[in-house]
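Here is a short tour of one protein model, written for someone meeting structures for the first time. Have a look at the picture, then read on.

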Amino acid sequence: MRGAHITGWGSALPDKIVTNDDLALAMDTSDAWIRDRTGIQERRVGGTTAGLATEAAREALERAGCAPESIDLLILATTTPDQHVPATSAVVQHKLGLRCGAFDLNAACSGFAYALVTAHALIQGGGLDRILVIGCDTLSRITDWTDRGTAILFADGGGAVVLEATEHDAILGWDLGADGAAAKILECDIGGYLTMDGKEVFRRAVRAVVSSAENAMKVAGVTASDIDWFIPHQANIRIMHSAADKVGIPHDRVVNVLSYTGNNSAGTIPLGLATAANDGRIKPGDLLLLSGFGAGMTWASVVLRWQP
Ligand code: COA
């Protein structure tokens, strides 16, 4: 049966580091409070979505050994396009010298997992051979840097993978979901800033990740003890660990880049994936569980075998 696997990966973070102490100079907060309540020590801020997405994608293409003209489709998961028109994916497509179709996908912080599932389906049933999937956001541009309720969390960055056709499908199970009734708990009007009911987002995020992860594992025919690495959306270490506890995955199997990246929305999962693949934590044959949640609310999980 025709399937797909990841053959290349890359990531991009802006150079500028904003520490918790930097934030404490501008608002009533402290390094200790932010570390304790979120697990974030510093975050990266700056750049454009197109610029960071292009950088991450170049690295992924190079690692996969793919020429730009061999890519059949580009999907850019982002909730912070650089402009209303055109889609940021069109700009990235041109910067990379691709000759294929390109579209943006907005499922907020679940975007990368949504895009991976979409790309898999287009390879499996749509006849495409090679799809570039990017998750990238520049949340700093829609963050009110005087609001301690949100500014401590959000940041910029992204990651990318090349998904290629194979006879041995590596995508073993997935789950996608949304509940628009909760749209108001995390939102940003056009031209405005993110507003959030932090406690409600926290509560729903843990529930969504747990049930979505369990659904995807069930489809894949695996259990938590089979998972080598859990790569959840990086929003708050307490959400990540609480979800891992409920799913039954030990904390030392949870990939954490949040402490130095902050929450860059659709960028966090591919960033975590690329980081853990590059530093040798993820090994060929490992079983990975990716789980995202975010505004909408949306949630999405993918169980995949690492067989680059
Ligand atoms: N620095 C210092 N104190 C702060 C603070 C800050 N940045 N933000 C809030 N506080 C204060 C509050 O005013 C409150 O004080 P009080 O007890 O005197 O009223 C106290 O700290 C506790 O606030 P609370 O809002 O209950 O904190 P919390 O433990 O819920 O943590 C979040 C707040 C935002 C860190 C947490 O709710 C969270 O991470 N939620 C999920 C957000 C998220 O993941 N969003 C992205 C989804 S993709």
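Strands here are DSSP runs of E with at least two residues, helices are runs of H or I with at least four, and both are numbered from the N terminus. Two strands pair if DSSP finds at least two bridges between them.

This is a predicted model, where local features need pLDDT of at least 70, side-chain atom pairs count only at pLDDT 80 or more, and totals for chains, interfaces and linings use all residues. Residues are numbered from 1 along each chain as its sequence is written, and side-chain values use heavy atoms, with hydrogens and water left out.

- Within strand 6, Ile131 stands opposite Leu73, and Ile134 is the bridge partner of Leu76.

**Buried or exposed?**

- Strand 4 (residues 73-77) has five of its five residues buried, so the rest of the structure largely encloses it.
- Buried means under 20% relative accessible area, exposed over 50%, and partly exposed in between, using a 1.4 Å probe and protein chains only.
- Leu73, Ile75 and Ala77 point one way from the strand, while Leu74 and Leu76 point the other way, and all are buried.

- Five strands make an open sheet with mixed pairing, in the order 1-7-6-4-5.
- Strand 1 (3-12) and strand 5 are at the edges with a single partner strand each, so one side of each has no neighbour in the sheet.
- From one strand to the next, the twist averages 20°, with axes taken as lines fitted to C-alpha atoms (for helices over the stretch in contact) and angles running from 0 to 180 degrees between N-to-C directions.

**A charge over a ring**

- Which ring does the charged end of Arg253 sit over? The ring is that of Trp229, with its centre 4.4 Å away.
- Such a contact counts if NZ of Lys or CZ of Arg is within 6 Å of the ring centre and within 35 degrees of the ring normal.
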